[in-house]
Amino acid sequence: MLQINCPWCGLRAEIEFTCGGEGGIVRPTATETLSDAQWGDYVFMRKNPKGLHHEQWRHSSGCGRWFNALRDTVSYKFEAVWKIGEQTPAAAVNHVHTGEFK
């Protein structure tokens, strides 16, 4: 059974968690200046890498809090977890989405 380390509650069974998709995506501030293609990219386009991926997770059957995670999409292993707003762990720095919309 896969266990996930909630930054507040510690190790818990995977069934207690919900994946919220790619982490670090920030809503554009000047949405009225975006083209339809740019808006579509923001709303729908997400990375789907093979390997380490920055995601957001929620401990939905526990404390209910969201947190960031760096997970390997091949092995499902969680390499790092950290609270929203905390400094990104050194192991995750190269894989974290910058939040910049292009």
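**Figure 1. The whole chain at a glance.** Residues 24 or more positions apart account for 47% of the contacts in the chain that have a separation of 6 or more, a contact being heavy atoms within 4.5 Å. This is a predicted model, in which local features need pLDDT of at least 70 and side-chain atom pairs count only at pLDDT 80 or more, while totals for chains, interfaces and linings use all residues. Numbering starts from 1 along each chain as its sequence is written, and side-chain values use heavy atoms, with hydrogens and water left out. Helices (H or I, at least four residues) and strands (E, at least two) are DSSP runs, numbered from the N terminus. The C-alpha trace spans about 45 × 25 × 25 Å along its principal axes. Of the 102 residues in the chain, 28% are buried; buried means under 20% relative accessible area, exposed means over 50%, and partly exposed lies in between (1.4 Å probe, protein chains only). Accessible areas come from the Shrake-Rupley method with a 1.4 Å probe, and for residues only the protein chains shown count as cover.

Figure 2. The structure holds one salt bridge, defined as a side-chain nitrogen of Lys or Arg within 4 Å of a carboxyl oxygen of Asp or Glu. Look here for the side chains of Glu-55 and Arg-71, which meet at 2.7 Å, N to O. Glu-55 lies in strand β4 and Arg-71 in strand β5, so the pair ties together parts that are 16 residues apart in sequence. Both residues are buried, and Glu-55 has a relative accessibility of 4%.

Figure 3. Strand β4 covers residues 52–58 and includes Glu-55. Leaving aside neighbours within four places in sequence, Glu-55 is in contact with Cys-19, Gly-21, Glu-22, Gly-23, Phe-67, Asn-68, Ala-69 and Arg-71.

Figure 4. If you are checking the cysteines, a search of the whole structure finds zero disulfides. Cys-9 is in no disulfide, and its nearest cysteine sulfur, that of Cys-63, is 3.7 Å away. That distance is too far for a bond, because a disulfide is a pair of cysteine sulfur atoms within 2.5 Å. Cys-9 is partly exposed, with a relative accessible area of 26%, and Cys-63 is also partly exposed, at 33%.

**Figure 5. A nonpolar surface patch that includes Trp-39.** Trp-39, Val-43, Phe-44 and Met-45 make a nonpolar surface patch of about 430 Å². Patches are made of residues with over 30% relative accessible area and no salt bridge: like charges are joined within 9 Å, and nonpolar side chains (Val, Leu, Ile, Met, Phe, Trp, Tyr) within 5 Å. Trp-39 sits in helix α1, residues 36–44. With 32% relative accessibility, Trp-39 counts as partly exposed.

**Figure 6. A positive phi at Tyr-76.** Most residues other than glycine have a negative phi. Tyr-76 is not a glycine, yet has a positive phi of about 70°. You can find Tyr-76 in the loop between β5 (66–72) and β6 (78–83).
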